[in-house]
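Good morning, and thank you for joining this group meeting. I would ask you to keep the sequence and the structure in view while I speak.

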Amino acid sequence: MPLEPAPPADDTRLGITLSGGGAFGAAHVGVLQVLEEHSIRPHIVTGTSSGALVGAAYAAGLDGGALEEIALRFRWSRIAAWSFQPRWGLLDTRVVTDAIHRLLGDDPRIEDLPRRFGAVATDLRTRQAVTIDHGPLSAALRASIAVPGLLPPVRLGGRLLADGGMVDNVPHSAARTLGADRVIVVHLHAKWENVRMMRTTTKISQLIADPSTLLVQPEMERMAQWSMRDVPRLIAEGRRAATAALATADVLKASTKGDR
């Protein structure tokens with residue numbers, strides 16, 4: 001009986017960063033599917049908000065097909081419920097722990113995941129980005145998605161943490177800190193981005209000029225950000241953007257030649 005070929009190994013020096021954006025995060029699924037089809041397997045994963053949710057599932061070893069099934073079934077009630085103590089937010093994210101148990105069988109520690117993972121949150125006292133790369137996965141995700149006023153901040157490691165997109169919605173530097181020397185950055189782009197987003201716009205310009213970075217920009221125009229009605233379209237747009245970006249992906253040549 002012939003042996004089946006071994007699956008491609010992860011590229012231990014290749015990272016991927018997934019930005020936040022509510023339901024727009026479904027586009028990340030399409031990007032990851034295209035990478036998988038091209039045998040491009042980043043070992044280092046960072047993300048914030050919805051990007052952290054998708055990134056955590058990928059870091060836990062779920063493939064593109066499983067990620068799509070989850071995205072198509074996803075409802076906001078999976079990660080938040082009405083709070084009976086609404087001092088910090090209208091919703092309570094403790095149901096995230098239950099969702100992780102249903103998906104993975106337990107609430108793993110981040111350092112035990114098959115891939116290196118970091119969820120990016122904002123320290124509300126210092127207004128600095130914090131990369132959570134150890135400890136219970138549920139706590140890290142609850143912190144990363146905690147939109148002030150809507151979802152409660154999380155106390156972790158002596159800090160009060162909330163949504164990482166408040167200070168860094170494209171946390172590619174976190175992937176560098178975790179060991180990546182080349183990074184795929186998925187920025188959930190919208191043509192209507194305005195002056196309030198100038199900091200992100202400036203960062204994107206810098207990333208475009210960086211030869212060690214591949215920028216993938218799914219276009220979110222006319223897509224719903226806070227309902228799940230456009231999930232199939234968002235996944236398809238992620239696939240389109242990733243396919244277009246890979247056509248000029250010199251930064252990935254090392255990973256396709258066995259630099260793992």
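This is a predicted model: local features need pLDDT of at least 70, side-chain atom pairs count only at pLDDT 80 or more; totals for chains, interfaces and linings use all residues.

Residues are numbered from 1 along each chain as its sequence is written, and side-chain values use heavy atoms, with hydrogens and water left out.

Let me begin with the core. A nonpolar core is a set of buried Ala, Val, Leu, Ile, Met, Phe, Trp, Tyr and Cys residues joined through side-chain atoms within 4.5 Å. Buried means under 20% relative accessible area, exposed over 50%, and partly exposed in between, with a 1.4 Å probe and protein chains only. The largest such core has 57 residues, and Phe 117, Ile 184 and Val 216 have the most contacts inside it.

Which residues touch Phe 117, leaving aside its neighbours within four places in sequence? With contact meaning heavy atoms within 4.5 Å, they include Val 45, Ala 52, Ile 110, Asp 133, Leu 141 and Leu 178.

I turn now to helix 8. Helices (H or I, at least four residues) and strands (E, at least two) are DSSP runs, numbered from the N terminus. Helix 8 covers residues 231–246, 16 residues in total, and reaches 23 Å from its first C-alpha to its last. That is close to the 22 Å expected at 1.5 Å a residue, where the expected span is 1.5 Å times one less than the number of residues.

Among the buried residues of helix 8 are Val 231, Leu 234, Ile 235, Gly 238 and Leu 246. Seen down the helix axis, the buried residues fall within an arc of 160°, so they line one face of helix 8; the arc is that of the directions from the helix axis to the C-beta atoms. Their cover includes helix 1 (26–37), helix 3 (64–73) and strand 10 (213–216).

Beyond its neighbours within four places in sequence, Glu 237 is in contact with Pro 218, Glu 219, Met 220 and Met 223.

Next, Arg 115, in the loop between helix 4 (95–104) and strand 5. Arg 115 is buried, at a relative accessible area of 7%. Arg 115 lies over the face of Tyr 58, 4.0 Å from the ring centre; the rule asks for NZ of Lys or CZ of Arg within 6 Å of the ring centre and within 35 degrees of the ring normal.

Leu 124 is in the loop between strand 5 (116–123) and strand 6 (128–132). Leu 124 is partly exposed, at 24% relative accessibility. Although 29 residues apart in sequence, Leu 124 and Pro 153 are 8.6 Å apart in space, C-alpha to C-alpha.

Finally, two loop residues. Ser 49, between strand 2 (42–47) and helix 2 (50–59), has a positive phi near 55° without being a glycine. Arg 222, between strand 10 and helix 8, also has a positive phi, about 65°. Ser 49 is buried at 11% relative accessibility, whereas Arg 222 is exposed at 73% relative accessible area.
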